[in-house]
Amino acid sequence: MLHPHVQQALDAISSRPIENVFLVACGGSSALMYPSKYWLDREAKTIYSDLYSSNEFIHRNPATLGAKSLVILCSHSGNTPETAEAAKFARSKGALTVSLTHEPSSPLAEASEHVITYSYGPDAPAFETNYSIMYQLVTGLLYVKEENAKFHRFIQSLQSLQTVYDRAKSQFMDRAKAFGEANKDENIIYTIASGANFGVAYSFAICILMEMQWIHSHAIHAGEYFHGPFEILDKNVPIIQLLGLDETRPLEERVQTFNQQYGEKLITLDAKEFDLSEIADDLRGYIAPLVLNYVLRQFANELADARNHPLSTRRYMWKVAY
């Protein structure tokens with residue numbers, strides 16, 4: 001059974017012609033759009049999709065945005081002004097807007113036609129959290145519009161997500177603690193991934209390391225690594241390497257092979273180590289980013305504890321005008 005707000009949105013989607021989907025958000029909220037964009041790229045037959053940062057979405061003003069567009073937005077607080085404005089902008093163009101947020105009474109919720117609220121926090125059921133809700137929405141979209149045959153099995157997989165998360169947390173707890181202790185004094189940490197996993201690397205770099213820990217970082221796409229970034233590698237540079245299960249894994253493996261030859265401070269999270277026995281084989285590449293993200297959050301918690309720098313600490317955000 002789908003989240004009831006997702007079902008309501010899908011009922012509205014089913015009654016309208018949809019030719020394109022715009023995924024719109026900022027920061028950590030945009031990161032959860034990447035796996036869904038990957039799903040749409042791999043599975044959609046008649047619907048084109050694109051991903052935008054909220055403010056750029058308005059300024060670029062896509063020519064294809066109109067009455068046959070679906071715009072999916074996300075802001076955890078619902079207070080991100082750029083995203084709320086993007087919802088208003090999309091509606092002014094006649095597009096159907098569906099927004100995800102943790103706060104049902106927020107500017108984004110007020111600006112959107114349909115609002116899906118998700119659960120958040122250490123006790124939130126995995127099926128009701130943001131990544132799962134986003135997947136329910138986009139897989140449901142392709143089911144109601146194209147009768148995608150993987151939909152029901154995908155929802156079953158999401159319903160098993162909590163079991164997968166619990167096992168992964170236990171499995172990687174010691175490594176998370178070791179990561180925090182080993183990297184508490186580092187000034188820079190890079191993250192590398194590709195495909196469905198890139199949003200996870202992006203979010204960890206800009207939201208956890210830069211925003212929440214004030215550590216210099218950059219998310220490097222594995223396909224771009226050998227076109228410049230690999231020149232920064234030496235034995236003193238910490239790199240977090242994500243290895244997923246989707247079709248782009250060879251890009252990540254190529255980077256990993258090179259880094260193991262010339263680097264020493266390498267932190268590898270390989271989705272092949274996860275116990276995904278409840279997940280169908282052909283869906284594991286889509287589910288892997290969610291588990292990688294969950295495990296990396298444990299790494300973030302341990303890093304923050306080791307540095308005595310809480311994840312809630314900010315220097316500028318919400319404190320000064322910007």
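**Labels and their cut-offs**

Modeller: Glu-247 is partly exposed, because its relative accessible area is 45%, and the term covers values between buried, under 20%, and exposed, over 50% (1.4 Å probe, protein chains only). This is a predicted model, in which local features need pLDDT of at least 70 and side-chain atom pairs count only at pLDDT 80 or more, while totals for chains, interfaces and linings use all residues. Residues are numbered from 1 along each chain as its sequence is written, and side-chain values use heavy atoms, with hydrogens and water left out.

Colleague: What makes the meeting of Glu-247 and Arg-42 a salt bridge?

Modeller: The term requires a side-chain nitrogen of Lys or Arg within 4 Å of a carboxyl oxygen of Asp or Glu, and the side chains of Glu-247 and Arg-42 meet at 3.0 Å, N to O. The pair links distant parts of the chain, with Glu-247 in the loop between strand E8 (239-243) and helix H11 (249-262) and Arg-42 in helix H3 (residues 33-43), 205 residues apart; helices (H or I, at least four residues) and strands (E, at least two) are DSSP runs, numbered from the N terminus. Arg-42 has a relative accessible area of 45% and is therefore partly exposed.

Colleague: How many salt bridges does this rule give, and what is the N to O distance between Glu-19 and Lys-68?

Modeller: The count comes to 19 salt bridges. One of them joins the side chains of Glu-19 and Lys-68 at 3.5 Å, N to O, and this pair too links distant parts of the chain, since Glu-19 is in the loop between helix H1 (4-14) and E1 and Lys-68 in the loop between H4 and E3, 49 residues apart. Glu-19, at 46% relative accessibility, counts as partly exposed, and Lys-68, at 40%, counts as partly exposed.

Colleague: Why is the ring pair of Phe-154 and Tyr-286 called tilted?

Modeller: A search of the whole structure finds 22 aromatic pairs. In this one the ring centres of Phe-154 and Tyr-286 are 6.1 Å apart and the planes are at 45°, so the pair is tilted: rings of Phe, Tyr and Trp (its six-membered ring) pair if their centres lie within 6.5 Å, and planes under 30 degrees apart count as stacked, over 60 as edge-to-face and the rest as tilted. Phe-154 lies in helix H8 (residues 151-159) and Tyr-286 in helix H12 (residues 284-307), so the pair ties together parts that are 132 residues apart in sequence.

Colleague: Are Phe-154 and Tyr-286 buried or exposed?

Modeller: Phe-154 is buried, because its relative accessible area is 0%, and Tyr-286 is buried, because its value is 5%.
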